[in-house]
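Work through the exercises below with the model at hand. Each task is followed by a solution in steps.

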Amino acid sequence: MKLGGGKEWFTASELAELALPGLSTARNKINQRARDEVWALKVSATGAPLARPRMGAKGGGLEYHLSALPAAARSALVARGVGVVADVSSAPETGSAAKWRWYAAQTDKTKAEAERRMAIIALVETYESVGLTRSAAVASVAGQRGVGASTLWDWLTRIQGIPHSDRLPILAPGKACGGKEAEMDDRLWEYFKSDYLRPEAPTYADCYRRTTEYAGTIDAPMPSLKALTRRLQREIDPRVVILRRKGADALRQTLPPQTRSVRDLHALEAVNIDGHKFDVFVRWPDGRIGRPLMVAIQDLYSRMFLSWRIDESESALSTRLVFADLFRDWGIPKACVLDNGRAFASKELTGGAKSRYRFKIRDTDPTGVLVALGIAIHWALPFRGQSKPIERGFRDFCQSIAKHPAFAGAYTGNKPDAKPENYGEKAIPIEVFREVVARGIAAHNAREGRRTETANGSSFGAVFRESYATAPIGKATDEQVRLAMLSAESVRCHRKTGEIVLEGNRYWSAELSAHHGELLTIRFDPDNLHSEIQVYTQAGEFIATVPVYAPVGFFDKAGAKARAKLEADYKRKVRDMAKAEQLLDAADLAAMLPDYEDETPAPQAGVVRPVRHRGHTVAQIKPVTQRQQLAAVEQANLDIIDRLAAARTKLRSVQ
């Protein structure tokens, strides 16, 4: 790569190859630093951008002006003769232009004072034009306008030799118009800027103190705090300050919020669901005290709350029951907005959804209720309350419900340092709490004067009822309500009997006999595992309602009779099924086979191998009597005793 002298713009690749002090030699590291320090938003003193698209090259990307680089890198480029410090504006700024730029940035009060002085100077020149000397004219105008003669002479000195068209910035009060900024060492500027633009957000004074200490180590003259702060406010974009000191979320909040219209919707076309923990102490039936959590569903079109459940925590069970209440009371919506929390993104609700990034996704997961009913799922952004209008309703509940007179003494405050004086005096029974919440939500839906897009001064409930009466509403069947009420789980039938085991309970019916060893989906009431279960295939096809296969007493005669009857009925049913197949018996099957006769003659050996007997023949072996066998055994024992005695003697001799 060849870089000529006087170059002002550099790409990340060029900067990496130059191996400049203060910069990495890796292109991706330089790009990362450019993103962190937001080089793309930097501007010069005249407002010209310090970053631009690459010129004359393919592949896109940005190239940065020499002024955007760290001080050490700039100094190295200039010392090598590669770069030259130049203004990035299209044309050099003249002195007159600088003065008028300064004047344009002043307040209306400053500009009005400059115009007043301009008028006074014009009056002096008018008196001179009619024959008065300058001294006489100054004295006369000073007396008329209440201005000191010495002040008037100072103004006249300022505009001496200045064209009439450029006098206004010169006469403006304040610093010398467009005056030269105090010079400062680039290293001090880089230190001060980097120290100030940190997430810890130090003050100007602390940054200036540390910069002063650093200036002593490099023996550089220290500019004033005002000079540094003015330069920072002038050269650093306010958005960069917000990003570096307050973070990306604070920068996002500087954008105007997006407005989403619901006029194209109708009642129950789309809903949103979320959880809200009340700032109230309640007493649960078992005596425990805690803050209750409500899971609620709100209609997006009207903002009316449609269904809710109150429990100890946000769970998949309470969420599913809220949807069951919605289906039973109002109908099935077309879409739902929910966040990716564990309760809302559970497999029971959203199993099978392609965009569900929660839990491990398996092909064997049961189909969730929302997916099974064809409800479109829209995931809200995490920690983004603006994505769900229901958050605005929850904020109202913090006032209208949590601070209800019925909850006096049980209110906890909305943060640890905002506890009321009567904090912890009592806890509300959960039944009473549910009643007050129900009345509060009813009042919330009926309150007039709403200013939403669809209410226009009416109430949420009135808007919902008006649209609900004319909109196409999908009503839920009993099967669909039951689908939402019951939990779902994938289980495998016993490979031999077809029974299903769940939480120690056994379930069986004859319909399961055709699904031995298969993985099935069951739906059940988790609060009543002794009731029947609904069994489906993995594809969602209904198989049967299967009762619990309850155990009986060891000497229970009625149970034994019932078992015998079950076996008899089971066998008879299977025999009838087999008989209906009209099977052929074994004799008929044998008679239907063709007859095969082997008429091929036996093969004859072409070569005969002689076989000779080796050793004694059976006839030559003489039989051994019992007496002979005993004598042989006795002789063998004597031989063993002799060998042991010889070994013992040898051992003694060695010792």
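**Exercise 1.** Determine how the axes of helix H5 and helix H6 are arranged in this predicted model.

Solution. Step 1: helix H5 covers residues 108-129 and helix H6 residues 134-145; their axes come within 9 Å and cross at roughly 135°. Step 2: an angle over 145 degrees would count as roughly antiparallel, and one of 65 to 115 as roughly perpendicular. Step 3: H5 is therefore oblique to H6. Step 4: the crossing of the two helices is right-handed.

**Exercise 2.** Find which residues of H5 and H6 meet, and sort them by class.

Solution. Step 1: on the H5 side, the residues are Ile120, Leu123, Val124, Tyr127 and Glu128. Step 2: H6 contributes Arg134, Ala137, Val138, Ser140, Val141, Gln144 and Arg145. Step 3: the contact has seven nonpolar, two polar and three charged residues.

**Exercise 3.** Describe the aromatic pair of Phe278 and Phe433, and say what the pair ties together.

Solution. Step 1: the structure holds 15 aromatic pairs, including this one, with 5.2 Å centre to centre and 80° between the planes. Step 2: planes over 60 degrees apart count as edge-to-face, and the pair of Phe278 and Phe433 is edge-to-face. Step 3: Phe278 lies in the loop between strands E4 and E5 and Phe433 in helix H18, so the pair ties together parts that are 155 residues apart in sequence. Step 4: Phe278 is buried, with a relative accessible area of 0%; Phe433 is also buried, at 0%.

Conventions
Residues numbered from 1 in each chain as written. Predicted model: local features only at pLDDT ≥ 70, side-chain atom pairs only at ≥ 80, totals over all residues. Heavy atoms only, no water. Axes fitted to C-alpha atoms, helices over the stretch in contact; angles between N-to-C directions. Helix = DSSP H or I, 4+ residues; strand = E, 2+ residues; numbered from the N terminus. Parallel < 35°, antiparallel > 145°, perpendicular 65-115°, else oblique. Left-handed = near helix turned anticlockwise from the far one by under 90°. Contact = heavy atoms within 4.5 Å. Nonpolar A, V, L, I, M, F, W, Y, C, P; charged D, E, K, R; others polar. Phe/Tyr/Trp six-rings, centres within 6.5 Å; stacked < 30°, edge-to-face > 60°. Buried < 20%, exposed > 50% of the residue type's maximum accessible area, 1.4 Å probe, protein only.
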